[in-house]
Amino acid sequence: MSGLAKTPVLAEEGGNNQNRKRSLHSSEQCNNKRTKSDDMSANEKKSNFSLLTPNTNGTVKMTSSSINKPGATTKKLVIKNFKSKPNLPDNYQETTWSKLREAVIAIQTSKAIAYSLEELYQAVENMCSHKMASQLYVNLTNLVEAHVKANIDQFLSESMDRQVFLKRMDDCWRAHCRQMIMIRSIFLYLDRTYVLQNPSIHSIWDMGLDLFRHHIAMNTLVQTRTVDGLLLLIERERGGDAVDISLLKSLLRMLSDLQIYQDAFEQKFLLATERLYQAEGQRLMRELAVPQYLAHVEKRLREENERLLHYLDPSTKPQLIHSIERQLLSEHLGGILSKGLEALMDGPRLADLTTLYNLFNRVREGPPELCTHFNAYIKKKGRTIVIEPERDKTMVAELLDFKEQLDHVVNTCFQRNDKFLYSMREAFEYFINQRQNKPAELIAKFVDVKLRAGNKEATEEELERLLDKIMVLFRFIHGKDVFEAFYKKDLAKRLLVGKSASVDAEKSMLSKLKQECGGGFTCKLEGMFKDMELSKDINITYKQHLQASQEGGGLELSVYILTMGFWPTYPPVEVRLPSELTRHQEHFTKFYLAKHSGRKLQWQATLGHCVLRAHFTQGNKELQVSLFQALVLLLFNDGDNLSFEDIKTATNIEEGELRRTLQSLACGKARVLTKSPRGREVDDNDQFSFNGDFTNKLFRIKINQIQMKETSEEQKATEERVFQDRQYQIDAAIVRVMKMRKALSHNLLISELYNQLKFPVKPADLKKRIESLIDRDYMERDKDNPNQYNYVA
């Protein structure tokens with residue numbers, strides 16, 4: 001159709017037909033419309049038509065120049081619909097489709113299109129406007145289907161190489177996509193009107209995909225070859241060969257776009273993956289050490305994530321990663337831990353342990369399995385440290401190092417996982433109590449060594465940190481009363497002999513024990529410190545008393561007054577003291593009892609120490625010695641040469657103690673006595689004389705007493721005292737429970753006692769204490785039920 005002017009007013013895509021019919025054309029019919037514009041000049045008419053824009057919908061906008069023109073009047077152009085619908089030529093549909101068909105075939109055969117795209121688009125629009133869209137869609141579908149069918153033959157050749165096949169499939173798919181995009185651009189009007197109004201039919205793009213899927217991709221032979229070729233390429237790539245990643249990506253995207261990815265490819269791919277990693281896991285578990293195996297698993301997971309990133313569909317990720325984790329990790333959890341955990345922990349190889357934890361954390365059974373083996377490792381190694389008697393000297397130091405190592409592993413590698421922390425505590429509590437009482441005793445002795453004045457290996461801050469670590473071990477011990485007994489004995493020596501490194505450190509340790517176990521546990525220990533403070537005040541008062549009475553006599557006496565219940569029990573030792581020292585003892589006793597009537601003093605010579613002035617050829621010295629050493633040295637004021645028997649008779653010191661005392665004076669570093677004959681051991685026939693030629697650069701010399709190693713009898717005595725204390729505690733607990741309950745069965749009483757007692761006890765020991773209390777009439781058996789106990793008020 002031709003006309004004077006052509007001003008299309010385009011409606012929105014998918015608008016109604018009435019508006020689409022308003023693609024108006026000013027034709028010859030406009031000449032019949034008479035308006036007031038007849039008087040306008042041709043130039044004015046032309047000017048007014050030029051003001052129309054495609055989106056004005058028939059309204060006219062005046063330019064500023066025409067509005068401002070002097071004498072100009074505003075005119076409105078009214079455009080109306082055709083009074084009658086234009087008639088199409090008789091063969092319009094056939095002619096137009098022939099033109100469109102020719103264009104589609106040209107696109108499919110990659111030839112030049114004879115018509116402009118605008119002309120073709122307009123032809124589609126005109127056919128749709130005149131209710132030819134349905135037939136047009138059918139014709140286009142048939143044309144595309146015929147072309148797709150024609151392409152299938154190239155894929156059915158029997159002897160085609162897989163790589164060539166995949167390349168040809170990729171080329172066919174890419175060509176089909178390019179063609180459908182071009183075809184859709186021509187038939188866009190059809191796609192956005194007719195297709196949108198009919199939900200039951202596919203869009204042009206989906207129609208092309210459906211035809212390709214149905215005739216090519218779903219062909220059994222084509223699909224099998226395609227999928228097998230893809231799986232082979234992926235297998236090669238997993239084996240380290242270089243493959244065409246872009247080809248893989250394109251073909252897998254094709255399967256995904258055709259919506260056959262899951263059914264045709266994914267299941268076979270996952271099955272192949274599972275078989276590959278199942279065989280690989282079994283083989284590498286035999287061939288590789290655990291660190292190398294873990295590194296390989298990490299590498300495989302990283303590679304599969306890269307494949308997901310590069311060419312696999314994201315929907316495959318959960319199943320793919322789960323399959324790898326199951327075949328390389330879940331199936332070998334026990335084997336990995338049995339084979340390599342101990343070696344990793346012994347290192348400790350922190351990087352490998354971190355990798356192990358992170359990988360095990362990926363599978364559900366991983367953390368519990370790792371925690372179980374971690375617990376077993378601690379129990380095994382810890383029991384070795386505790387059980388072997390030859391390691392007693394280093395037991396506590398080894399336990400502290402072991403605990404520090406495990407803490408570092410849990411904090412650094414296991415992300416402070418609460419389950420691992422709890423498991424570690426449970427394992428420590430288990431193995432440290434496998435050897436009853438001994439760890440408690442050795443921890444007490446270890447603390448004693450660290451709190452002695454001679455320990456110069458640590459600053460106050462380091463000592464405080466060490467005490468905190470020791471308290472961690474202390475918490476695991478069941479027999480805390482054993483620790484208390486040995487700690488009290490060692491503390492007494494440190495306080496009485498003045499060997500404590502720091503009063504602050506002593507009180508810090510006491511505070512920690514009190515915080516951990518309560519005031520009842522430390523009341524005796526606190527009483528010992530209180531006695532030391534009171535003793536200082538008493539000594540000051542005594543010195544003032546001596547000064548007032550002028551009875552000093554040139555000898556200074558300091559006395560520690562110890563409350564018997566607070567301090568360890570020391571057996572009384574009768575020795576012969578010099579008359580001067582005896583006189584001072586009696587004088588102090590008289591002074592003290594005068595102030596505290598009703599009390600009794602018992603002198604303990606074993607813990608006394610003295611400072612003596614000695615005259616040597618090279619000059620005078622002061623000797624800091626024990627009371628026994630002083631008694632021996634004072635004998636040489638009356639004679640230069642004494643036998644062992646003479647000294648024994650004069651001092652009345654126990655024979656073993658006397659031998660150690662003479663060894664310290666004649667065989668140690670500071671030899672103020674000479675022994676004849678020479679030797680390390682003291683025999684009954686040895687002779688001793690004062691060494692006047694003794695020299696030392698120091699003025700005050702401390703001569704250490706040779707400490708007798710704690711005998712098994714003394715250890716048994718301490719343990720016996722602990723056992724006796726435990727019996728008293730059991731008796732008190734039984735009476736307390738029965739007094740509250742009045743009547744109770746045997747099993748319930750035993751259960752209640754286990755809840756109350758803080759130390760390990762056997763049921764047989766509890767039964768003995770119950771029988772003892774029945775004999776002493778604290779309780780009785782029920783007459784009708786022998787398993788029932790009644791409280792006797």
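Which side chain meets Lys 299 in a salt bridge? Select Lys 299 and Glu 303: their side chains meet in a salt bridge (3.1 Å, N to O). A salt bridge here is a side-chain nitrogen of Lys or Arg within 4 Å of a carboxyl oxygen of Asp or Glu.

This is a predicted model, where local features need pLDDT of at least 70, side-chain atom pairs count only at pLDDT 80 or more, and totals for chains, interfaces and linings use all residues. Residues are numbered from 1 along each chain as its sequence is written, and side-chain values use heavy atoms, without hydrogens and water.

Stay in helix α14 (residues 290–310). Helices are DSSP runs of H or I, at least four residues, and strands are runs of E, at least two, numbered from the N terminus. Lys 299 and Glu 303 lie 4 residues apart, about one turn of the helix. Glu 303 is buried, at 18% relative accessible area, while Lys 299 is partly exposed, at 37%. Buried means under 20%, exposed over 50%, partly exposed in between (1.4 Å probe, protein chains only).

Next, select helix α21 (residues 438–451). Lys 445 and Glu 441 form a salt bridge there (2.8 Å, N to O). Glu 441 is buried, at 1%; Lys 445 is partly exposed, at 24%.

Last stop: strands β3 (residues 609–616) and β4 (residues 619–626). They pair in the antiparallel sense over 8 bridges; pairing takes at least two DSSP bridges. A hairpin of 2 residues joins β3 to β4. Find Leu 612: its bridge partner in β4 is Leu 623.
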